[in-house]
Amino acid sequence: MSIAEVFHWTQNTGWATALRESDVVYPVVLSLHLSAIALFGGTILLTNLRLLGLALKASPVAEVVRQLRPWKWAGFFLIVPCGVLLASAKADTYYPNPYFRIKLFLLAGVGIHALFFRRSVYGPTAAAAPARAKLAACLSLALWLGILSMGRWIAYYEKPKTVTTTPSAGSSPTAPLRLVAVKDRSRGFARQRRANTRAPHDVGAPHQVGTPDHIRPGAAAPETIGVAMLVPLSLKYHMFVGVFPVVA
Amino acid sequence: MLIYDLNANPLNSNEWSFPLTECFHVASMALCIGTIAIVDLRLLGAGLTNRTPAQLVRNTDPWSIAGFSIVITSGLLIFTSDPLKYLHSAPFKFKMGLLLLGILYNYTLHRKVAQSGSESGWRYVAAGVSLALWTALVFSSIFVAFW
């Protein structure tokens, strides 16, 4: 079995299919993944900032590392299973995704980083030279920020679709079919939404940025909006009507 | 009158600026929520127990503020990429409500409890409310894209 076949098999297991097709469970798993990044990513940041001498300067390095370690592992054991679930649900599209592959390499880089620095910089009796500790901290920050960025970028990759075109009238009838890569040109929010939705979309369909799905049928969605209108609009649509009296 | 053409927004006219802004958004989100979570853990009696909650608030505050400023700036940029879409999104409105509540709570009640050094049970409540608020904010962010 090739790796591609393993990915394909994973995507078609019952639970991966159910996860992919669920409107609620998939975003919930993604939210858990991101919440754990928010809550426990801070421990990685703070540990490295302490090594760089930028935060928590009053506490000894070894103490910060030791006391935050269990929470780093807690985050890791929440983030990784969620990530595996998310990747399994769309394994076929993740397999060729270069950002996904870079992310896996960077994760392997975290393992190598640990081999090099775990004992000397993050160990209980670490006596690393500050320069070495700072190098370890910078590398760790770079690796984790890279992993986070690649994770976000996975949603923006689209495998170039190959379509066959019939030979034009002038060419010989035996001319081979041409393969043309077609790229989706939609942008920003629309692109993100499309990447997140599981339904395959037609490649060349024009998409108008700025037309919300929830706008009432029949109402014409304006393509442009006055900058000055943003403030009154946000006031009009704000949700604090019920919250303000409670706060006040 | 000023007309805002969405297609003139750089976020909508090249492949890399939107995801890059999102990376800044997510990383700085982890910075500000993560540093607040460190204080919450301490209030719950875990994590950096050798320091008092008040000391931890003092130590982590500059990083939370840095995180907040980047997360809000990049968030505003992302908002400009398609303002109407966001204004019509229920999870987005919910998220903005939570953000307002979260910031207000973090710099008033939460801070007060952390700085008072009180050992009463209220510090657990304060930490729990803080963790719940910020987790809910992350959940609503994801649902903006999935609603």
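Predicted model: local features only at pLDDT ≥ 70, side-chain atom pairs only at ≥ 80, totals over all residues.

Modeller: Let's start with B:E22, which is buried, its relative accessible area being 7%. Buried means under 20% relative accessible area, exposed means over 50%, and partly exposed is in between (1.4 Å probe, protein chains only). As for labels, residues are numbered from 1 along each chain as its sequence is written, chains are lettered from A and ligands numbered from 1 in the order in which they are written, and side-chain values use heavy atoms, with hydrogens and water left out.

Back to B:E22. What does B:E22 form a salt bridge with? The partner is A:R152, and the closest N and O atoms are 2.8 Å apart. A salt bridge here is a side-chain nitrogen of Lys or Arg within 4 Å of a carboxyl oxygen of Asp or Glu. A:R152 sits in helix α7 (residues 130-153) of chain A and B:E22 in helix α2 of chain B, so this pair joins two chains. Helices are DSSP runs of H or I with at least four residues, strands are E runs of at least two, and both are numbered from the N terminus. A:R152 is buried too, at a relative accessible area of 18%.

Counting over all chains, the structure has two salt bridges. The other pair is B:R111 with B:D61, at 3.2 Å from N to O. Those two link distant parts of the chain, 50 residues apart: B:R111 in helix α5 and B:D61 in helix α3 (residues 53-80), both of chain B. B:R111 and B:D61 are both buried.

Now for α2 itself. Helix α2 (residues 17-43) of chain B packs against helix α5 (residues 90-116) of chain B at an angle of about 35°, the axes being 12 Å apart. Axes are lines fitted to C-alpha atoms, for helices over the stretch in contact, and angles run from 0 to 180 degrees between N-to-C directions. On the α2(B) side, the contact (heavy atoms within 4.5 Å) is made by B:H25, B:I36, B:V39, B:D40 and B:L43, while α5(B) brings B:K95, B:N106, B:H110 and B:A114. Sorted by type, these residues are four nonpolar, three polar and two charged. Nonpolar covers Ala, Val, Leu, Ile, Met, Phe, Trp, Tyr, Cys and Pro; charged covers Asp, Glu, Lys and Arg; the others, Gly among them, are polar.

Let's look at one more residue of this helix, B:R42. B:R42 is buried, with 14% relative accessible area. From B:R42 to B:H25, 17 residues apart along the chain, the C-alpha atoms are separated by 26 Å. Leaving aside neighbours within four places in sequence, B:R42 touches B:L48, B:T49, B:R51, B:T52, B:P53 and B:L56.

Last, the confidence. Chain B has an average pLDDT of 91, with 99% of its residues at 70 or more. Chain A averages 74, and 62% of its residues score at least 70. For the complex, the predictor gives an ipTM of 0.92 and a pTM of 0.77.

How values were computed
pLDDT = per-residue confidence, 0-100.
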